[in-house]
Amino acid sequence: MEVASHLVELSTIHPRLLWDDIVAAAVAVLEQNNAPPPFRLELTIKDLPTYDDETLLLTILPDGVSPAHVTRLRRTYETSRLVEMAAIAVAGLAIFHAAHLEIRDIALHGSRADYLVGKAGHLLEIGGRSRRGDFGTAWREKWEHLKEHQGGGFFLCVVEFETPSGRLAFQS
Amino acid sequence: MSTIPQAVSDMLVTVKSREVQRGMVAEMQKDQAAATRHFLAAAYLELVLASDYTEAGQIELARRSRISAASCLWRADRFEQARQELDQLSREFPAQTPAIQQVLADLEKTHPEGDTSLPT
C-alpha cells in the first residue's frame, strides 16, 4: 500500500505528544540523501493484525516545516540524535497508517521501549540508523531484547536512512 | 460535598507526557536546569495521576505513574526522593520488587548519582 502523508500531521494523529523537533529532524535527515521532496520510504510490515499488505510505501511531504527550524536542529544535535528522532517520525506515521493506533504516552524508563501505543498500552521501541549495513544488527538486538524482557505485546520499528527503508513488526 | 471520584484527566496525562518529552529534549541539549524543571513538573503530575488512578480503582496505572514519578524525580537530581518512592512501592507491591529494582538499576546506570554530565 502506498500512502502520502504530511509530517506535520503527526501532531494531529498523535496529539498527546510534542512533534515539532521530531518533524524537523525527519526533514533534516531525509534531505541528506539529496532526494527532493516528497521523500519515499518503504517499510516491511510483519504480523500486524490490522494490515494485510507486506509493505507500506510512505510518501512523506515536508510542507509546513520551517527550513529555519531544520537548520537550527542540524546545528543543535549530533547526526545520531537526528537519525533517532527521524525514525520516531517515520514510526509515528507507520503506526497510524498500518496499525491504526495512536501513540499515547512515553514508556517507563527502563522498559526497553520508547512509547506506549493504543488503549492496550503496547510497547513501541524505535530505532534509527544512518547506514543500511547497520539495520540487521539493530533489528536483531532490539527484537531479542524486547522478547526477553517483555511479557506483553510490543511493536518494533527500525528505520535506516541510507536507502531509506525500514521494518515495523508486532509481537503479540 | 460529593465524594464521587472524578475521571482521570486526559489533559493531565497529555501535559505530563509532554513535560517528560521536554525533559528528554533538555537532556539531549545538555541543559540540566531545563531538564530538572521539566522532569520535576512531570514527576508531580505523575503523583497527581497516581492518586487519581487509585481513586478510580486503576491500581496498575497508579503503580505505573508512581514508578514514572520516581524516574522523573531521579532525572531531576532528586535522588533521595526517588529512592523513597521506589522503596515505598516495593513495600506495597512486593511481587513487583524485581521490576522496581530493575528501574532503579537502569537509572543508576544511565543517570549516575553525582554525575553532573547528562546522558549522551
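In this predicted model, helix α1 of chain B packs against helix α2 of chain B: Leu12(B), Val13(B), Val15(B), Lys16(B), Glu19(B), Val20(B), Arg22(B), Gly23(B), Ala26(B) and Glu27(B) on α1(B) meet Ala34(B), Ala35(B), His38(B), Phe39(B), Ala41(B), Ala42(B), Leu45(B), Glu46(B), Val48(B) and Leu49(B) on α2(B). The residues of this contact comprise 13 nonpolar, two polar and five charged.

**Helices α1 and α2 of chain B**

- Two packed helices are described by the angle between their axes and the distance between the axes.
- Helix α2(B) covers residues 32-55, and its axis comes within 8 Å of the axis of α1(B), with a crossing angle of roughly 155°.
- Angles over 145 degrees count as roughly antiparallel, so α1(B) is roughly antiparallel to α2(B).
- The crossing of these two helices, α1(B) and α2(B), is left-handed.

**Helices α3 and α4 of chain B**

- The axes of α3(B) and α4(B), the latter spanning residues 79-92, come within 7 Å and cross at roughly 160°.
- That angle makes α3(B) roughly antiparallel to α4(B).
- The crossing of α3(B) with α4(B) is left-handed.
- On α3(B), the contact is made by Arg63(B), Arg66(B), Ile67(B), Ala69(B), Ala70(B), Leu73(B) and Trp74(B).
- On α4(B), the contact is made by Phe79(B), Gln81(B), Ala82(B), Glu85(B), Leu86(B) and Leu89(B).
- Sorted by class, the contact of α3(B) with α4(B) has nine nonpolar residues, one polar residue and three charged residues.

**Contact between chains A and B**

- Chain B places 17 residues in contact with 12 residues of chain A.
- Three helices of chain B, α1 (10-28), α3 (59-75) and α5 (97-110), each supply at least two residues of the side that touches chain A.
- Helix α1(B) gives the largest share of that side, eight residues.
- The side of chain B that touches chain A is made up of seven nonpolar, seven polar and three charged residues.

**The largest nonpolar core**

- The largest nonpolar core has 82 residues, and the members that touch the most other members are Ala26(A), Ala86(A), Ala89(A), Val90(A) and Leu124(A).
- Helix α4 of chain A, residues 79-99, contributes the largest share of this core, 14 residues.
- Leaving out residues up to four places away in sequence, Ala26(A) touches Leu7(A), Ala86(A), Ala89(A) and Val90(A).

Key
Residues numbered from 1 in each chain as written. Chains lettered and ligands numbered in written order. Predicted model: local features only at pLDDT ≥ 70, side-chain atom pairs only at ≥ 80, totals over all residues. Contact = placed C-beta atoms within 7 Å. Helix = DSSP H or I, 4+ residues; strand = E, 2+ residues; numbered from the N terminus. Nonpolar A, V, L, I, M, F, W, Y, C, P; charged D, E, K, R; others polar. Axes fitted to C-alpha atoms, helices over the stretch in contact; angles between N-to-C directions. Parallel < 35°, antiparallel > 145°, perpendicular 65-115°, else oblique. Left-handed = near helix turned anticlockwise from the far one by under 90°. Core = buried A, V, L, I, M, F, W, Y, C linked by C-beta atoms within 7 Å. Buried ≥ 20, exposed ≤ 12 C-beta atoms within 10 Å, placed from the backbone.
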